[in-house]
Amino acid sequence: MKYICSVCRYVYDEEKEGTPFSELPESWVCPLCGAARSAFVPEEGEERPAPAVKPAAAPVHEGDEEMKELSFGALAALCSNLARGCEKQYKAEESALFLKLAEYFTAASPAPARAGLEELDGLFSADLAAGYPALRTAADEEGDRGTARICVWGEKVTAILHTLMQRYKREGDAFLRDTRIWVCSICGFVYVGDRPPALCPVCKVPAWKLEEVEGRASK
Amino acid sequence: MKMLAVRNLRLCTKDCLCLYVCPTGATDTEDSIIDLSKCIGCGMCADACPSKAISMVPEEYPPQQKKAEHVLTPSHTLANNKAKAEGMARLLAREAESGELYRLLKAVERSLRLVNEDLLRESGYMLPQSANTHELLASWVQEPPAPDFPVEAAKKLLELLPCNEPLEKKMHKYRCTVCGYIHEAEELPPDFSCPVCRQPASAFERIE
Ligand code: SF4
Ligand code: SF4
Ligand SMILES: [Fe+2]
């Protein structure tokens, strides 16, 4: 029996590996992209990757209510993205101005009322359980393939972030000690390991597009 | 469509063919940026460049794809959630006790910003020259979102970026208070009279 990673398509072949998939420890993660064991689906029933989070279990946070207005935090991302757009068009001055607006919105964005690793992971769970399914349904109804792509990439990256938070909860600093952390500068995929994968498992850009996260600057 | 040449400075080796082939000398500049006031868009340089460092781009970009309202609502909900998570990760990173947790949270913060940028790009803000972007900037100039908002930056952007599609007209509905007839227009002209009951413009009220 073969199991396939719904994030990066890595194939776990029970025959070759010797260990039945069901006997892998809870802490086992995809050797290629770090996705949780629950992100794997049996090769046949491959169409429907089991959602990593059961909708009922997702805690409700105040950020979940429908909102048409963009928050300052979202406007920051909107502006930093337009800065990139200008940069791609070789418009340096415009890019710098959009970055200035982005920095303003980032700084002016109010601090969250409650903050904790649990709360943070709760937001990922909520997006996986409700946010992405709602957006995907709307995109499919409109035949909006650009938005459908967002759902595919964003959902995978969010699943990875969720897995990392779970792992940190279980293993603490240990799995990060003496190794490096990489972020794909295109899709946001996060990878823990000494060397980044040859291709980003989510968006398929080459390794040099994955950037290492620097440690805290020592005082 | 009028085209212009732009050069990717990272790919350019700064030493060769485009300098020879350009009929107007637009490629030969002290800062290596092609002089757009000279460029006539002939494309010779892009064809000649051995490093594929020159692209031909339209002077005016085409309008972007319109986004359906009912895609935008879940998209904005998700964007706000991502922003909230990003803010939380930033705060937690600052407070993190170990270097490991700090790096993890910084990675999460950066990842969330990238995911959100992608999401918002797809929600109607792909192009800096779009009507959406223009309207947003104009609304900030007119009514700054906060007292300390850098209005000049938004103003300057409006000057620098040409808008590549007609701005949507703001339509309003006016109702005749006498007969209930509804007239749709940007503005109700002062000499307007109700086509049904002949009342003057003063008998109308704006309902939307
Ligand atoms: S497109 Fe023609 S005019 Fe413009 S820079 Fe290239 S060679 Fe010169
Ligand atoms: S031909 Fe290409 S590589 Fe050579 S100087 Fe011009 S842009 Fe640079
Ligand atoms: Fe990627």
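Helices (H or I, at least four residues) and strands (E, at least two) are DSSP runs, numbered from the N terminus. The structure described here is a predicted model, in which local features need pLDDT of at least 70 and side-chain atom pairs count only at pLDDT 80 or more, while totals for chains, interfaces and linings use all residues. Residues are numbered from 1 along each chain as its sequence is written, chains are lettered from A and ligands numbered from 1 in the order in which they are written, and side-chain values use heavy atoms, with hydrogens and water left out.

In chain B, helix α4 (residues 99–122) is followed by B:G124, which has a positive phi near 105°. The 24 residues of this helix reach 35 Å from the first C-alpha to the last, close to the 34 Å expected at 1.5 Å a residue; the expected span is 1.5 Å times one less than the number of residues. Helix α4(B) is mostly covered, with 20 of its 24 residues buried. Here, buried means under 20% relative accessible area, exposed over 50%, and partly exposed in between (1.4 Å probe, protein chains only).

In chain A, helix α5 covers residues 145–171. Its 27 residues should span 39 Å, and the end C-alpha atoms are 39 Å apart, which agrees. A:D144 is buried, because its relative accessible area is 12%. A side-chain oxygen of A:D144 comes to within 3.3 Å of the backbone nitrogen of A:G146 at the start of α5(A). The side chain of A:D144 also has a polar contact with the side chain of A:T147, at 2.8 Å. A polar contact is a pair of N or O atoms within 3.5 Å; within protein, one must be able to donate a hydrogen and the other to accept it, and residues adjacent in sequence count only if both atoms are side-chain atoms. After α5(A) comes A:G172, with a positive phi near 65°.

The iron ion (ligand 3) is coordinated by the SG atoms of A:C184, A:C187, A:C200 and A:C203, at 2.2 to 2.4 Å. Donors are N, O and S atoms within 2.8 Å of the metal (3.2 Å for Na, K and Ca); water is not among the atoms, so sites may look incomplete. Angles among the 4 donor atoms are 103 to 116°, and the site is tetrahedral, a class that requires all angles of four donors to lie between 85 and 135 degrees. Along the chain, the donors follow the spacing C-x2-C-x12-C-x2-C. A:C184 in strand β4 (residues 181–184) and A:C203 in the loop between β5 (190–192) and β6 (210–212) of chain A are 19 residues apart, and the pair links distant parts of the chain. Both A:C184 and A:C203 are buried.

The loop between β5 and β6 of chain A also contains A:K204. This residue has a positive phi of about 70° although it is not a glycine, and A:K204 is partly exposed at a relative accessible area of 45%. In chain B, B:R198 lies in the loop between β4 (182–185) and β5 (204–206). B:R198 likewise is not a glycine but has a positive phi of about 70°, and counts as exposed at 60% relative accessibility.

Terms used
Tetrahedral: all angles 85-135°; square planar, octahedral: opposite > 155°, others 65-115°.
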